Amino acid sequence: MNYRHGYHAGSYTDVVKHVVLTALITSLAKKETPFCYIDTHAGRGYYDLYSNSAQKTNEFKGGIEKIIQAANPPSLIKTYLHCVHEVNNKLTQSGYSSLRYYPGSPMIARMLARAHERIIACELHPEEYQALKTTFANDKQVAVHHQDGFQGLKAFLPPHERRGLVLIDPPYEDPDEFTRIAHALPAALKRWETGMYAIWYPIKEKYQVERFYKTLTTTIQKPILAIELTIYPDLPNHLNGCGMVVINPPWQLDATLNDTLPWAWNALTINNQGGYSAFMLPELLK
């Protein structure tokens, strides 16, 4: 309960997470039937990059600021940047050149959703919850809940829509967070097996991520796409990058990301360190 995302808003890890989120929601919107988006750890909706917390770390300078300044963005990046610019245009009324506010995942989902879609946002931190509730106070498409996100998986699955996406993005304050996610997913899939599930995670220790992959492939009999982007070499006890796994990925998501990741990595990397990849995890061994 000590985690406040304002210190990390707009960081390169946010960029990776939100570019993949944009790809997933854009894919869902290709069909006319409505979808439901569930955010288990929603945060406050959007973040002020002029705030003391954001200015203290300046992580956005190594993330969204680099992306805005980079030339020739691919189509997926343009869609993502449109969400960022629209939030700033609406809140600052100073045009698209301004970068003061950064949208969180529920805000990006709301901007990409259509009029007949629903968004369910869970947030346990009391101050972040109140900010999130204020952000969407008059929006009938968004339901905000002061609730633990993992409890939300039990409470809100399955939604009455047959299609949709669950984003799981905990703060990883608990060293057992990977285990908690791995245990929660099979039960969630049992409730809603047709839904897509996207799980963001930090890449600090390679063995920890590989163990997470192994657990997923031995407990889940669904297609799983892993996306990784690092901007540092494999340094011990260091945030070298981040990743996302997508269960039930949409068709051609890997191709879309493989077209986008080289550009994103080139914009974000420090001295050409790290790397990127998008690959399917091995199927369950029988």
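## The second largest pocket

A pocket here is an open set of points on a 1 Å grid over the protein atoms alone, where a 1.4 Å probe fits and protein lies on both sides within 12 Å along at least five of seven lines. In this predicted model, the second largest pocket holds about 500 Å³ of space, a volume being the space filled by probe spheres set on the points.

Its lining (residues with an atom within 4 Å of a point) runs to 21 residues, and Ser27, Leu28, Lys30, Pro250 and Trp251 sit nearest the centre. Helix α1 gives the largest share, four residues; helices here are DSSP runs of H or I with at least four residues, and strands are E runs of at least two, numbered from the N terminus.

## Salt bridges

Look for a side-chain nitrogen of Lys or Arg within 4 Å of a carboxyl oxygen of Asp or Glu: that's a salt bridge, and there are ten. Lys17 pairs with Asp169, with the closest N and O atoms 2.6 Å apart. That pair ties helix α1 to the loop between β6 and α8, 152 residues apart. Asp14 joins Lys17 and Asp169 in a network of salt bridges.

Glu117 is buried at 2%, while Arg114 is partly exposed at 23%.

## Reading the numbers

Residues count from 1 along each chain as its sequence is written, and side-chain values use heavy atoms, leaving out hydrogens and water. Local features need pLDDT of at least 70 and side-chain atom pairs 80 or more, while totals for chains, interfaces and linings use all residues.

Notes: Buried means under 20% relative accessible area, exposed over 50%, partly exposed in between (1.4 Å probe, protein chains only).
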